Amino acid sequence: MDAPGKKKLKVATTSLAGCFGCHMSFLDIDERLFTLLDYIEFDRSPLTDIKEVSPDCDLGIIEGGLCNAENVHVLREFRKNCKVLVAIGACAVNGGLPAQRNHLPLSTILEEVYHTSPGLANGLIPNDPELPLPLNKVHPIHEVVKIDYFLPGCPPSGDAIWKFLTDLLAGREPELGHGLMHYD
Amino acid sequence: MTYNLETAAHPEKLRRVAIDPVSRVEGHGKVTILLDDQNKVHQVRLHIVEFRGFEKFIQGRPYWEVPVMVQRLCGICPVSHHLAASKAMDVIVGARKLTPTAEKLRRLMHYGQMLQSHALHFFHLCSPDLLFGFDSDVTKRNIVGVAAAHPETAKRGVLLRKFGQEVIRHTAGKRVHGTGSVPGGVNKALTVAERDELLKDIYPIIAWSRDAVHLIQKVHIQDPGLYNSFGIFRSNFMSIVGHNGDLDFYHGSLRARDDNGKLIFDGVDYQDYDRYIEEEVKPWSYMKFPFLRSIGKENGWYKVGPLARVQNCDQIPTPFAEHERKEFVDYAGGTPMHAPLAYHWTRMIEMLHAAEAIKELLHDDDLLGADLVVQGERRTDGVGVIEAPRGTLFHHYRVDENDVVTMANLIVSTTNNNQAMNEAVRHVARRYLHGREVTEGLLNHIEVAIRAFDPCLSCATHALGKMPLEVELVDAEGALVHRLSRS
């Protein structure tokens, strides 16, 4: 990478239907985080208190797939406001483990959990308008918006994320290569 | 025990303010506040807005997949789920007692996780509030701001977390979502080279952990008016405690106390957890509300996690952390401390204990052993419980004769704190927002109260798909005649 320029790239991140493990892997770049901060600033992210993604973001990083209407809304906001959008990790790329619910009807699951499970004092399906509507199936994010890069792995390692970001910051086409490209 | 701001009488006449998403916490949650024309608070709720369905879709899978699958509930504390599921499957495969190598390797993995998770929460997520103030500049109120203003503190936070992650990598194979623990034991011992690599760094890790305790202790006692009362509510508390009442994150029996510290139960075998805990559903959250059966849902809810554990145990079995525990107990003045912000102080005491326990384990040659797995008489029902970074975590499975999971029930740490977190935010809303113009800084006060509990909202969104309670009447050929289900 070149020496840090005047303008830092603005990076927004979010976790949709994911486990936060990809964000943890991002932090697994360890002390290289401080180097990265010479080149980027964080916009909306679980690490900051910025709640809306700013209209001039350079890079959006999406962890997790889509399991409810709010996930879809947030994803569209990211696409609208980020020049480059990246799907990071198994759930964003193909739905991941949460998509294992896709062979079950949602109504059956809700019924089973909130009415018939043992140890319940009362039976009731949460239905408040504040709760976003669940989707019938969990979807990978490229089914809804255009994705520029896919970073596989559950999660991709800190080294893979570092290689990807430093390639991008240096103006190279990102390439993980052998050892960093994996799906587990 | 409760502030009654859960449900407004006439919500349709009120103005809604939302904190969405709650940030600098793990997972997806939002807070809604209903205010009248004079900005008086009528309703405050922390909603868990997502669910995923793990308990349902692992039904039908072979049992040995479960420890690897269920850790995908949470990327911050995957080891907790990995190990709680493994412990339940130990019961299933009849592994009543693991080999010393297996048990110590699992402990090492777990204490590594406790260290990294507590460091992440304190330094990366919460230190901006504690160092800069709850209503400080929103653009600097994050780890980047801490790195600029307190570079050494930020660096230590990153390196403490890194060390914990390396302990996990060496014991589980990967930093996030490893595979080291299997039903009946582990699949890999530590090599001499791996042990020596970890030993090389352990002494600064212990020293920095002690410094972290002293940092938060100082912040706390310098402002008792804030730290001893912010978001305060009284409640019962619960955790597992180990042998002789030791603080033990990996194994023990259940102990609960009331708000005065008096024992409610003690020495309870967690295989019987469902006789002691019941759950309530509320329409406005996907997260259930657990409570102690013997007391009932009105007053039987409780808190879990560092503040509960450090006050529930009789002692901490490592010297530096035990010294800090006594300091804390002295400060509390002989009665239980209920202030949510005291979670931070006790969390750092636990991080110190984890660092010391890792050191002791690394000096134990059992870690290098070759005897990794045991099995015994198969059973069909198993419960695994562990103290995860955020509190007591329950995994319960049934497995049939074809090795297939037929039932799963999980009560995750954050769910145990559901009512407690709601009480804390209601207290803060009443104290700080009531009758005032709502500002970003005031809203952050609400989030500060939530963050104190270190909620793992991803873990909390698993809640789906337990075994239905069903009675089936079948005829002599096995055909279904009639089916009843509780609903």
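Q: Is D184(A) buried, partly exposed or exposed?

A: The model is a predicted one. In it, D184(A) has a relative accessible area of 47%. Buried would need a value under 20% and exposed a value over 50%, so D184(A) counts as partly exposed.

Q: Where in chain A does D184(A) lie, and which residues does it touch?

A: D184(A) belongs to the segment that follows α6 of chain A. Setting aside residues up to four places away in sequence, D184(A) touches G153(A), C154(A) and P155(A) in chain A, and R72(B) and K174(B) in chain B.

Q: How far apart in space are D184(A) and S157(A)?

A: Their C-alpha atoms are 9.9 Å apart, while 27 residues separate the two in sequence.

Q: What kind of peptide bond runs from C154(A) to P155(A)?

A: The general idea is that most peptide bonds are trans. The bond from C154(A) to P155(A) is cis, and its omega is near -10°. P155(A) sits in the loop between β7 (149-151) and α6 (158-169) of chain A.

Q: Which residues does the cis peptide bond in chain B join, with omega about 0°?

A: That bond joins D20(B) and P21(B). P21(B) is found in the loop of chain B that lies between β1 (15-19) and β2 (29-35).

Q: What is the phi of R24(B)?

A: As a general rule, most residues other than glycine have a negative phi. R24(B) is not a glycine, yet its phi is positive, near 55°. R24(B) also lies in the loop between β1 and β2 of chain B. With a relative accessible area of 0%, R24(B) is buried.

Q: Which value does phi take in D30(A), and where does this residue lie?

A: Phi of D30(A) is about 55°, which is positive although the residue is not a glycine. The loop between α1 (21-27) and α2 (32-36) of chain A holds D30(A). Its relative accessible area is 6%. The cut-off for buried is under 20%, so D30(A) is buried.

Q: How many helices and strands does chain A have, and in what order do the elements run?

A: Chain A has six helices and seven strands. Starting at the N terminus, the order is β-α-α-β-β-β-α-β-α-α-β-β-α.

Q: What does the C-alpha trace of chain A span along its principal axes?

A: The spans are about 60 × 35 × 30 Å. Chain A contains 184 residues, and 61% of them are buried. Among its contacts between residues at least 6 apart in sequence, 77% join residues at least 24 apart.

Q: Where is G96(A), and which residues is it in contact with?

A: G96(A) is in the loop between α4 (90-94) and α5 (106-116) of chain A. Apart from neighbours within four places in sequence, G96(A) is in contact with A90(A) and C91(A). The C-alpha atoms of G96(A) and G64(A) are 8.0 Å apart, and the two residues are 32 places apart along the chain.

Q: How do the axes of α4 and α11 of chain B cross?

A: Two packed helices are described by the angle between their axes and the distance between the axes. For α4 (residues 100-132) and α11 (residues 342-362) of chain B, the axes come within 9 Å and the angle is roughly 150°. The crossing of α4(B) and α11(B) is left-handed. The contact between these helices has 17 nonpolar, five polar and four charged residues.

Q: Which stretches of chain B form its domains?

A: The domain assignment places 11-51 and 427-486 in domain 1, and 54-416 in domain 2. The centres of domain 1 and domain 2 of chain B, taken over C-alpha atoms, are 23 Å apart.

Q: How many residues of each domain of chain B are in contact, and what area is buried?

A: The size of an interface is often given as the accessible area lost when the parts come together. In chain B, 34 residues of domain 1 are in contact with 46 residues of domain 2. The two domains bury about 3,600 Å² between them, and 61% of that is on carbon and sulfur atoms.

Q: Where does D274(B) lie, and is it buried, partly exposed or exposed?

A: D274(B) lies in the loop between β8 (263-268) and β9 (277-280) of chain B. D274(B) is partly exposed, its relative accessible area being 36%. Its C-alpha atom is 21 Å from that of N312(B), a residue 38 places away along the chain.

Conventions:
Residues numbered from 1 in each chain as written. Chains lettered and ligands numbered in written order. Predicted model: local features only at pLDDT ≥ 70, side-chain atom pairs only at ≥ 80, totals over all residues. Heavy atoms only, no water. Helix = DSSP H or I, 4+ residues; strand = E, 2+ residues; numbered from the N terminus. Buried < 20%, exposed > 50% of the residue type's maximum accessible area, 1.4 Å probe, protein only. Axes fitted to C-alpha atoms, helices over the stretch in contact; angles between N-to-C directions. Left-handed = near helix turned anticlockwise from the far one by under 90°. Nonpolar A, V, L, I, M, F, W, Y, C, P; charged D, E, K, R; others polar. Domains from an automatic or database assignment. Contact = heavy atoms within 4.5 Å. Buried area = accessible area lost by both parts, 1.4 Å probe.
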